[in-house]
Amino acid sequence: MEIRNLRYFLSAARHLNFTKAAEECHIVQSAMTQQIAALEGELGVKLFTRRYKDMRLTREGEVFCWEAQRLLEGMDRAVEEVRSVSEGYDKRLRLGYHGNLLRADLPKLLTRFRARFPQVKVTLRQSKLYQGIEALKKESLDAMFSLYWPALAQEEELDHCILATSPIKLLVSASHPLAGERKVRMDQLRQEQFLFLDGTEVQGGIQGLAEKGFLPRIYDRVDGHESLMILVESGYGVTLGVEAACQRESNELVMLDIEDHREERKLCLSWKRDSPRMREEYLALIREYYGLEEVPRGKDA
């Protein structure tokens, strides 16, 4: 069984279309069909069902898709490890972060990390929370900085620690009539158009506002933090944001305190339980940076 055939199969499983998969893999459609047929013959099972223009994975195909993905990810990790060693690094640490979180803190923290562990190659990946959780479980990430959400406490495979808290702020454009105020009240915002990130985590915050009697007028839900900031800066609406995720150098964005909505969000670090990569020395440095006497872990953190 060749690795390239696994990649062909995974492409076909994503698209459920041999023509699109062939285009992605830069081969002709007939070659894609032949390679999948050969793979099915080697395994002795059907991986896809085909009826007219409808193509689906069989149950065997679903199982093989999961296992093939794990195998290829493992091989990719092995290749990355070998390259890191050839570049003179002893170890690698793959860090993820949620959205634009800790934009101000991460450069300072990583500067300390680089000074303390010069032989550790660090890679940094930005992702959504649910994508980061899956990456930790699959071990394609070693640790992730994110907001703390109950979903993390429900993941038996993961460990986490609370690092700090950050207040919720109102974000408006510099040209907004409220931009000159130091503080605002929620009743001043009833006619404002709100922009929110799209996702179940944000939906919980909107429901919390509704329970307090404030129903925001929603202009749009945006898939991406940078897009959200651009729209706010451009005056299309206002938003509520965690301060640690909104610190950026911009003369077009203003953060305001909300007198009657004093809420905070926990910032946390997560990693796969018993992971040999997330060494105690790394946790100690992070603990030192955030002024923690010890790293609190687990579901009660």
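Trainee: What makes the lining of the largest cavity nonpolar, polar or charged by class?

Mentor: Bear in mind that this is a predicted model. By class, that lining has 9 nonpolar residues, no polar ones and no charged ones. The residues are Leu 93, Leu 95, Leu 109, Leu 110, Phe 113, Phe 145, Met 278, Leu 285 and Ile 286. Leu, Phe, Met and Ile count as nonpolar, so the lining of the largest cavity is nonpolar by class.

Trainee: Which elements supply at least two residues each of that lining?

Mentor: Strand 3 (91–98), helix 5 (105–116) and helix 10 (280–289) do. Helix 5 gives the largest share, 3 residues.

Trainee: And how much space lies in the largest cavity?

Mentor: About 50 Å³. Searching the whole structure with a cut-off of 30 Å³ or more turns up 1 cavity.

Trainee: OK, on to Phe 48. Why is Phe 48 called buried?

Mentor: Buried means under 20% relative accessible area. Phe 48 has 2%, so Phe 48 is buried. You'll find Phe 48 in strand 1 (residues 48–51).

Trainee: What does Phe 48 touch, not counting residues up to four places away in sequence?

Mentor: Quite a list! Among them are Phe 9, Ala 12, Ala 13, Leu 16, Ile 36 and Met 55. Take Ala 13: Phe 48 and Ala 13 are 35 residues apart along the chain, and their C-alpha atoms are separated by 8.5 Å.

Trainee: How do you know whether Ser 127 is buried or exposed?

Mentor: The cut-off for buried is under 20%, and Ser 127 comes out at 16% relative accessibility, so Ser 127 counts as buried. Ser 127 belongs to strand 4 (residues 120–127). Leaving aside neighbours within four places in sequence, Ser 127 is in contact with Tyr 97, His 98, Gly 99 and Gly 132.

Trainee: Which residues of helix 9 are buried?

Mentor: In helix 9 (residues 225–233), they are His 225, Leu 228, Met 229, Val 232 and Glu 233.

Trainee: Why do you put them on the same side of helix 9?

Mentor: Because they cover an arc of only 130° around the axis. As a rule, an α-helix has 3.6 residues a turn, so residues three or four places apart point the same way.

Trainee: What covers the buried residues of helix 9?

Mentor: The cover includes strand 6 (158–173), strand 8 (193–197), strand 9 (217–222), strand 10 (239–242) and strand 11 (253–258).

Trainee: Which residue takes a positive phi just after helix 9?

Mentor: That's Gly 235, with a phi of about 85°.

Technical notes
Residues are numbered from 1 along each chain as its sequence is written. This is a predicted model: local features need pLDDT of at least 70, side-chain atom pairs count only at pLDDT 80 or more; totals for chains, interfaces and linings use all residues. Side-chain values use heavy atoms; hydrogens and water are left out. Helices (H or I, at least four residues) and strands (E, at least two) are DSSP runs, numbered from the N terminus. Buried means under 20% relative accessible area, exposed over 50%, partly exposed in between (1.4 Å probe, protein chains only). Contact means heavy atoms within 4.5 Å. The arc is that of the directions from the helix axis to the C-beta atoms. On a 1 Å grid over the protein atoms alone, a cavity is a set of points where a 1.4 Å probe fits but cannot get out, and a pocket is an open set with protein on both sides within 12 Å along at least five of seven lines; lining residues have an atom within 4 Å of a point. Grid points are joined across faces, edges and corners, and a volume is the space filled by probe spheres set on the points.
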